[in-house]
Amino acid sequence: MTNYQAYISVQNELAKAYNELRNDLAKKKFNQSFDELDEEHQKAIIKIYPQKISEAEPKNYGGNK
């Protein structure tokens, strides 16, 4: 597997995990899947589980190089 393929695989798994969390919460709170919710309820779920994944290079903390 190339580095890019591994990267895409990890991205897909992260997206899948967020979708599962959002769907589980939607079912608990509103008794519907996330996709079935109206926009207002979807936004409420997304506010609880925002998908914030940084692709920035890690910073060097502590002065070690």
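## Getting to know this model

Q: Leaving aside its neighbours within four places in sequence, which residues is Ser 33 in contact with?
A: This is a predicted model, in which local features need pLDDT of at least 70 and side-chain atom pairs count only at pLDDT 80 or more, while totals for chains, interfaces and linings use all residues. Residues are numbered from 1 along each chain as its sequence is written, and side-chain values use heavy atoms, with hydrogens and water left out. Contact means heavy atoms within 4.5 Å. With those sequence neighbours set aside, the residues that Ser 33 contacts are Asn 23, Ala 26 and Lys 27.

Q: Does Ser 33 count as buried or exposed?
A: Ser 33 lies in the loop between helix 1 and helix 2; helices (H or I, at least four residues) and strands (E, at least two) are DSSP runs, numbered from the N terminus. Relative accessible area under 20% means buried, over 50% exposed, and in between partly exposed (1.4 Å probe, protein chains only). Ser 33 has 18% relative accessibility, so it counts as buried.

Q: What is the phi of Asn 31?
A: Most residues other than glycine have a negative phi. Asn 31, in the loop between helix 1 and helix 2, is not a glycine, yet its phi is positive, at about 60°.

Q: At what angle do helix 1 and helix 2 pack?
A: Two packed helices are described by the angle between their axes and the distance between the axes. Axes are lines fitted to C-alpha atoms, for helices over the stretch in contact, and angles run from 0 to 180 degrees between N-to-C directions. For helix 1 (residues 3–30) and helix 2 (residues 39–48), the axes are 10 Å apart and the angle is about 125°.

Q: Which residues make up the largest nonpolar core?
A: A nonpolar core is a set of buried Ala, Val, Leu, Ile, Met, Phe, Trp, Tyr and Cys residues joined through side-chain atoms within 4.5 Å. The largest one has 5 residues in all: Leu 25, Ala 26, Phe 34, Leu 37 and Ile 45.

Q: How many Å apart in space are Glu 13 and Asn 60?
A: Glu 13 is found in helix 1. Along the sequence, Glu 13 and Asn 60 are 47 residues apart. In space, C-alpha to C-alpha, their separation is 27 Å.
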